[in-house]
Amino acid sequence: MTTPARRATSALDEPTTPVGMAWTLRLSAGVLGFSMATVTPIQILLPLQIERIDAASKETNLAVVTACAAVVSILAAPIAGALSDRTTSRLGRRRPWVLGGAVVCACALVLLPAQLTVLGVALCWMTAQGAQNAMFAGLTASVPDQVPVRQRGFVSAFAGLPLPLGLVLGVLLVTVVVPTNTGGYLLLAGLVLGLALPFVLASREPRLLPEQRPRFELRRFVRGFWISPRRHPDFAWAAVARLAIQLANSIATLYLLYFLRDVLKLDDPADGVFVLTVAYTLGILCTSVLAGRLSDRSGRRKIYVVSSSGIIAVSMLMLAVWHSWLAVVLAAAVLGLGYGVYVAVDNALITQVLPAATDRAKDLGIVNLANTAPQAFAPMIAGGIIALVGSYPVLYLTAGCVAIAGAFLILPIRSVP
């Protein structure tokens, strides 16, 4: 039976006592709230609201709103993480940012349905995205702060599961349970706050003492966002490998609806995308926790990340050569199986190559840019392939090759077996 997370004498100590299942579930609940608040508006609520404001320019307006919010996300994650690393609150370094991010995000979501202009929507969504990233910075940094290395695969699996679950559950809630735009926003606001509170109120973490916080110097603070690949090669390899895997995933899914409509000739491709999302999520559920547990027991990480990258590449190959509805559903499930292993073990691996205990949240914020940057690169790559050769098989073969590249990029890491 595991015990509660150790209350270290210093926030910079390496944790040694396993966290309990209750702590893990509270962390997972907080990530679920973040996930639903992040992806559901983009999938459903924002497109509908922007269409009502200006139907003629809905595509352009939605692109502008999401692009501006993406810039805020890219900046907010490492900056909030760096400030979290320097926080000396009695609540600890992370919980104030989890609570503050959840509160600000909830307020922005409450204000969103009242916006009658694209500018108002953009400002509220940018605020929500910045707050979401501040919240996520605190949640993710809690793992290396409080979870010993031998348990991080299992805990990382539970922290990663809510990300795909949030998409499925969020869409169901705002389309079936509360099918109005205003009700959807208010429900998400209540969930992001309500799911964060158990972690904030019931968890404990060691406090960073004022004398442990370095003196603030703007030049030093800004320079801290550059992590030298020469001094920290394992961190660099892990970050680039994550970028490759996430890029492969983004390339493969960007034009999925068009693939179902134009190649498979489905009558309702939107429903097809939802079915594939469910199959993908079920695949993740089947492998994530098990892979995390096995990785913890063996102490090995790289073999799991490399194998999962190969499985992801296989799913891309299936999409490239086997064009039937059954094949696509199976490919989505295979992608989920591989991605479940990847999310659990790669997250654990990343925490083991962070350069310094003093900058865990900032460094995680930097490496997590590998999750958001593909959203900018994938449209250029995928769009270029479709424009030049007009071939979905070439598109998916390209995604598979990128996934294989991600597997090879893991191999040079030396500090983690």
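Reply: K58 and E59 join their side chains in a salt bridge, at 3.5 Å from N to O, where the term stands for a side-chain nitrogen of Lys or Arg within 4 Å of a carboxyl oxygen of Asp or Glu. K58 is partly exposed at 29% relative accessibility, while E59, at 53%, is exposed; buried means under 20% relative accessible area, exposed over 50%, and partly exposed in between, with a 1.4 Å probe and protein chains only. This is a predicted model, in which local features need pLDDT of at least 70 and side-chain atom pairs count only at pLDDT 80 or more, whereas totals for chains, interfaces and linings use all residues. Residues are numbered from 1 along each chain as its sequence is written, and side-chain values use heavy atoms, leaving out hydrogens and water.

The structure holds 14 salt bridges, and another of them brings together the side chains of R93 and D145, at 3.3 Å from N to O. Because R93 lies in the loop between α2 (58-85) and α3 (95-111) and D145 in helix α4 (residues 118-146), this pair ties together parts that are 52 residues apart in sequence; helices here are DSSP runs of H or I with at least four residues, numbered from the N terminus. R93 is buried at 1% relative accessibility, and D145 is buried too, at 9%.

D145 also meets R360 in a salt bridge, at 2.8 Å from N to O. R360 lies in helix α14 (residues 360-367) and D145 in helix α4, so the pair ties together parts that are 215 residues apart in sequence. Through shared partners, salt bridges join E14, D85, R93, R94, D145, R152 and R360 into one network.

How values were computed:
Helix = DSSP H or I, 4+ residues; strand = E, 2+ residues; numbered from the N terminus.
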